[in-house]
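Take a moment with the sequence and the model below. Then follow the chain, strand by strand.

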Amino acid sequence: QVQLVESGGGLVQAGGTLRLSCAASGFLFRTSTMRWYRQAPGKQRDMVARITSGNSTDYADSVKGRFTISRDNAKNTVYLEMNSLKPKETDVYYCRWSVTDYWGRGTQVTVSS
């Protein structure tokens, strides 16, 4: 079955860096678009970045120039490197297989001021 497992979250100071990983299984990863989202309590889940099978990338305006999405098809893993983190980016970060209903359980990112 499809599984998406995020890791790499944690506590970081404002201005710091974290690298999230999402290990995928159960589908043909190398042909799939992968997406990262984030969600704060009581708010909607917003897309942060996406990467296509051809390595084209898109980012939310708020993270352009600071976040980088990448993938390793040999490891069935998508990454999100987050630089210059801000306290307001304290959220749970989720990966998603394309626009399907398959999501990971999320990883908490907390940015302290």
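The paragraphs below go through the sheets, the core and the salt bridges.

This is a predicted model, in which local features need pLDDT of at least 70 and side-chain atom pairs count only at pLDDT 80 or more, while totals for chains, interfaces and linings use all residues. Residues are numbered from 1 along each chain as its sequence is written, and side-chain values use heavy atoms, with hydrogens and water left out.

Start with the open sheet of 4 strands. Its order is β1-β3-β8-β7, and the pairing is antiparallel. Strands here are DSSP runs (E, at least two residues), numbered from the N terminus. Two strands pair if DSSP finds at least two bridges between them. The edge strands are β1 and β7, and each pairs on one side only. On average, neighbouring strands of this sheet are turned by 15° against each other, direction ignored. Such angles use axes, which are lines fitted to C-alpha atoms, and run from 0 to 180 degrees between N-to-C directions.

Now walk across this sheet. Strand β1 (residues 3-7) is joined to strand β3 (residues 18-25) by 5 bridges. Here L4 stands opposite A24. Next, β3 pairs with strand β8 (residues 77-82) over 6 bridges, in the antiparallel sense. R19 faces E81 of β8 as its opposite residue. Finally, β7 and β8 run antiparallel and are joined by 6 bridges. D72 has T77 in β8 as its bridge partner.

Turn to the other open sheet. It has 6 strands in the order β2-β10-β9-β4-β5-β6, and its pairing is mixed. β2 (10-13) and β6 (57-59) stand at the edges with a single partner strand each, so one side of each is left without a neighbour in the sheet. Neighbouring strands of this sheet are turned by 25° against each other on average, direction ignored. Inside it, β4 and β5 pair in the antiparallel sense over 5 bridges. M34 stands opposite I51 in β5. In a regular strand, side chains alternate between the two faces of the sheet.

Which residues of the largest nonpolar core touch the most other members? They are W36, L80, M82 and Y93, out of 26 residues in that core. A nonpolar core is a set of buried Ala, Val, Leu, Ile, Met, Phe, Trp, Tyr and Cys residues joined through side-chain atoms within 4.5 Å. Buried means under 20% relative accessible area, exposed over 50%, and partly exposed in between (1.4 Å probe, protein chains only). At least two residues of this core come from each of β3, β4, β5 (46-51), β7 (67-72), β8, β9 and β10 (107-112). The largest share, 4 residues, comes from β3. In soluble globular proteins, nonpolar side chains tend to be buried together.

Leaving aside its neighbours within four places in sequence, Y93 is in contact (heavy atoms within 4.5 Å) with residues including W36, L80, M82, F67 and V109. Then find L18 in strand β3. L18 is buried, with a relative accessible area of 13%. Not counting residues up to four places away in sequence, L18 touches G8, G9, G10, V12, L80, E81, M82, L85 and V109.

How many salt bridges does a search of the whole structure find? It finds 5. A salt bridge is a side-chain nitrogen of Lys or Arg within 4 Å of a carboxyl oxygen of Asp or Glu. One of them joins E89 and R38, with the closest N and O atoms 3.2 Å apart. E89 lies in the loop between β8 and β9 (91-97) and R38 in strand β4 (residues 34-39), so the pair ties together parts that are 51 residues apart in sequence. Both E89 and R38 are buried. R38 and E89 also belong to a network of salt bridges with R66 and D91.

R50 and D58 meet through their side chains at 2.6 Å, N to O. R50 is partly exposed, with a relative accessible area of 25%. D58 is partly exposed too, at 33%. K64 forms a salt bridge with D61, with the closest N and O atoms 3.0 Å apart. D61 is exposed, with a relative accessible area of 64%.
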